[in-house]
Amino acid sequence: MAGTGSQGSVKAEELPNSSFLWGVSTSSFQIEGATHSDGRGDSIWDTYCRQQGRVKNGDNGDIACDHYHRFAEDVALMQGLGVGAYRFSISWPRVLPRGRGGGNEPGLSFYDRLIDALLAAGIEPWICLYHWDLPQALDDLGGWENRDIAGWFADYAALVGRRYGDRVKRFATFNEPCVFTLFGYGFGSNAPGIADKAALHRAIHHVNLSHGAAIDVLRSCVQGASLGAIHNRQPCFAESTSAGDVAAALRFAEYWNDAFPHPQHFGCYTPALAEAMEPYQQPGDMAQIARRVDWFGLNHYSPHYIKADSNLLGATFGAPPDDVPRTSIGWPIVPGAFRDTLLDIDRRFGLPIYVLENGTAADDRIDDAGHVQDAGRIAYLQAYTGAMNEAISAGADVRGYFVWSLLDNFEWASGYSQRFGIVYVDYATQRRIPKESARWYSNCIAASRRLRFPATMR
Ligand code: GCO
């Protein structure tokens, strides 16, 4: 058995079989830094960080994990972990500083080097086209509120597909479209900081259109492409049994769980959203949105507990019941909700599922011996991978699991105050220190690879 000792031990019979894909995920703005290097243009997150009071401690992405310069070391870390895949995102303003027009060769060649290093290390690159860093130049033209963005996004997808498609086959269009539209255009708590219901609905529809357009482009320019999108899905429980909270939870779930996967897979908005989305639709849109994809990408951390509110959705995040355990940053730990979500996705969409983000932030510290003992994260990962295996045993077609995240990084409006990595980053020196959870994950992967039969046959 790979793991020893009580903390970090892995029981092989609790793991999926040897063909299962284990990976780690990151995103461009959260780790790359070098925001002013080699011709990169500004993104909406550079702008947002400059606005006073938006991001905790006034943090920004200028240096982040300096991955732009240290990618070789980071690939070596992944190789040491034994992961089979690495999901990262392309920074749109790094490869197209104005969002459209001519490509930026130094930016494009950075991803060439990263991809080549991954392949040399035996790690499959998974590219996500959009992890929230919209070129500022496009936001100046209305960003996701401007219907023309579907064409701009398709052109960007073509640039990426043609450039890397000889070596990369796995492409996701969007990461968590419900989060960046809801927080960015509905609540105003993420870039570009807009809080307006019509803006939210316009953005939702244009992101959906852009998804369909990019799928078509990638299919035509990447031979053997394996395509999908990355969605959040999680139960939205009412914080209380009051009619107001129950209605709020249902409404919240419509936006959180269904505004994107439903139209992308079934060619229509759910009845609850249909009327609101009507004004933005043109003939043929729904067919353009519902393009065939090859897998369902899932990000899941915990269920939501929702309560009524006076905001534009009439719903916001509430508190979990007192008896629900929480991580050190307060997120509810409910592995059963993860299992149920996987089974629900399997039934609803009938596609192979890749869990492309799961993990937790913790109050990690370097101890006197220079180690980072993150027992809480290990317990979380153990419980959640266990729940995933229950779903697999019950028939869910789950093909892979990626931890969020490889490195501690820029956690959006929380700046660097939340550490999600299995590798600690000492931001003052940029030194990387694999945490205990990195060792646990590595053991888990090694144990799983040794299994000869699917977990369902054990
Ligand atoms: C998101 C993103 C990640 C986060 C992670 C932890 O959901 O916000 O996909 O960028 O860092 O989910 O919050």
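This is a predicted model: local features need pLDDT of at least 70, side-chain atom pairs count only at pLDDT 80 or more; totals for chains, interfaces and linings use all residues.

A polar contact here is a pair of N or O atoms within 3.5 Å. Keep that cut-off in mind.

Start with the ligand. Where does the ligand sit? It sits in the largest pocket. There are 13 residues around the ligand. Gln 30, His 131, Glu 176, Glu 357 and Glu 411 come nearest. By class, the shell has six nonpolar, four polar and three charged residues.

Now the contacts. Take Glu 176 again. An N or O atom in the side chain of Glu 176 is 2.2 Å from an oxygen atom of the ligand. For Trp 412, a polar side-chain atom lies 2.9 Å from a ligand oxygen. For Trp 404, that distance is 3.2 Å. How much of the ligand does the protein bury? Taken alone, the ligand exposes 310 Å². The protein buries 93% of that.

On to the cysteines. How many disulfides are there? The count comes to zero. A disulfide needs two cysteine sulfur atoms within 2.5 Å. Look at Cys 128. Its closest cysteine sulfur is in Cys 178, 13 Å away, so that is too far for a bond. Then Cys 221. Cys 221 is in no disulfide either. The nearest cysteine sulfur to Cys 221 belongs to Cys 128, 16 Å away.

Buried or partly exposed: which is Cys 128? Cys 128 counts as buried, because its relative accessibility is 0%. Cys 221 is partly exposed, with a relative accessible area of 22%.

That's the tour.

How values were computed. Residues are numbered from 1 along each chain as its sequence is written. Side-chain values use heavy atoms; hydrogens and water are left out. A residue is near a molecule or strand if one of its heavy atoms lies within 4 Å of it. A polar contact is a pair of N or O atoms within 3.5 Å; within protein, one must be able to donate a hydrogen and the other to accept it, and residues adjacent in sequence count only if both atoms are side-chain atoms. Accessible areas come from the Shrake-Rupley method with a 1.4 Å probe; for residues, only the protein chains shown count as cover. On a 1 Å grid over the protein atoms alone, a cavity is a set of points where a 1.4 Å probe fits but cannot get out, and a pocket is an open set with protein on both sides within 12 Å along at least five of seven lines; lining residues have an atom within 4 Å of a point. A molecule sits in a cavity or pocket if more than half of its atoms lie within 2 Å of its grid points. Ala, Val, Leu, Ile, Met, Phe, Trp, Tyr, Cys and Pro count as nonpolar, Asp, Glu, Lys and Arg as charged, and the others, Gly among them, as polar. Buried means under 20% relative accessible area, exposed over 50%, partly exposed in between (1.4 Å probe, protein chains only).
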